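Happy to walk through this one with you. Take a look at the fold first, and then we can go through it question by question.

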Amino acid sequence: MSVGTMQELLIDELKDLYSAEKQIVRALPKLAKAATTPQLQQAILNHLEETKGQVIRLEKIGELVGKKLTGKTCVGMKGVLEEGSEVLEDTDKGTIRDAALISAAQRVEHYEMAGYGSAREFAKLLGLSEVASLLDETLAEEKAADKTLSGVAKQVNATAKREG
Ligand SMILES: [Fe+2]
């Protein structure tokens, strides 16, 4: 057993998130390239830059808690991103693919929101207020990214229905 205390649970969650963010940084350029709708492409590219900042923020959190966050693979995110890649096999380039990409991207955001929300609460409970507020910053970005995707989906889905 490697996780026996709240402190260890927080570190474990942080490592998971760190792995998840790094996987996302690698995956997003391919998904942006696969998108047709300019607003979707832009939303993905914006979130790529934001995600790079989230990696750096986690590194700062690692320094605050005195731990390296490397060495763990977030298997859940690996699966979510694999499903995102399946979209590229299952669809041709166009708005149907875009609608599927948004659905996949929103899975990514929701997975992250669950992780960041939990980690923030653990940090709060442990009295690590600076860590909690940094986690909260990222959580807010993930929520905003999700909301942006919902907005883009309205247009993309309507177009996809017309064209499909
Ligand atoms: Fe993220």
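Predicted model: local features only at pLDDT ≥ 70, side-chain atom pairs only at ≥ 80, totals over all residues.

Q: How many helices and how many strands does the protein chain have?
A: Reading from the N terminus, the elements run α-α-α-α-α. The count for the protein chain is therefore five helices and zero strands.

Q: Is the protein chain as compact as a globular protein of that length, or what else does its radius of gyration say?
A: Along the principal axes, the C-alpha atoms fill a box of roughly 55 × 25 × 20 Å. For 164 residues the globule rule gives 15 Å, and the radius of gyration is close to that, so the chain is as compact as a globular protein of that length. The radius of gyration itself is 17 Å.

Q: What percentage of the contacts with a separation of 6 or more is between residues 24 or more positions apart?
A: Buried residues make up 40% of the 164 residues in the chain. For the contacts with a separation of 6 or more, residues 24 or more positions apart account for 77%.

Q: Are α3 and α4 roughly parallel or roughly antiparallel?
A: The axes of helix α3 (residues 75-90) and helix α4 (residues 95-125) come within 9 Å and cross at roughly 175 degrees. Angles over 145 degrees count as roughly antiparallel. That makes the arrangement of α3 and α4 roughly antiparallel.

Q: How many nonpolar, polar and charged residues are in the contact of α3 with α4?
A: From α3 come G76, M77, V80, E83, G84 and V87, and they meet R97, A100, L101, A104, R107, V108 and Y111 in α4. Sorted by class, the residues of this contact are eight nonpolar, two polar and three charged.

Q: Are α1 and α3 roughly parallel or roughly antiparallel to each other?
A: These two helices pack with their axes 10 Å apart, at an angle of about 10 degrees. Angles under 35 degrees count as roughly parallel. The relation of α1 to α3 is therefore roughly parallel.

Q: How do the residues of the contact of α1 with α3 divide into nonpolar, polar and charged?
A: On the α1 side are S19, A20, Q23, A27, L31 and A34, which meet M77, K78, L81, G84 and L88 in α3. By class they divide into seven nonpolar, three polar and one charged.

Q: Does G71 count as buried or exposed?
A: G71 is found in the loop between α2 and α3. Its C-alpha atom and that of K22, 49 residues apart along the chain, are separated by 12 Å. Because G71 has 8 C-beta neighbours inside 10 Å, it counts as exposed.

Q: Which residues does E8 touch, not counting those up to four places away in sequence?
A: E8 has its place in helix α1. With 13 other C-beta atoms within 10 Å, E8 is partly exposed. Not counting residues up to four places away in sequence, E8 touches S2 and V3.

How values were computed: Residues numbered from 1 in each chain as written. Axes fitted to C-alpha atoms, helices over the stretch in contact; angles between N-to-C directions. Helix = DSSP H or I, 4+ residues; strand = E, 2+ residues; numbered from the N terminus. Parallel < 35°, antiparallel > 145°, perpendicular 65-115°, else oblique. Contact = placed C-beta atoms within 7 Å. Nonpolar A, V, L, I, M, F, W, Y, C, P; charged D, E, K, R; others polar. Rg over C-alpha atoms; globule rule 2.2 N^0.38 Å. Buried ≥ 20, exposed ≤ 12 C-beta atoms within 10 Å, placed from the backbone.
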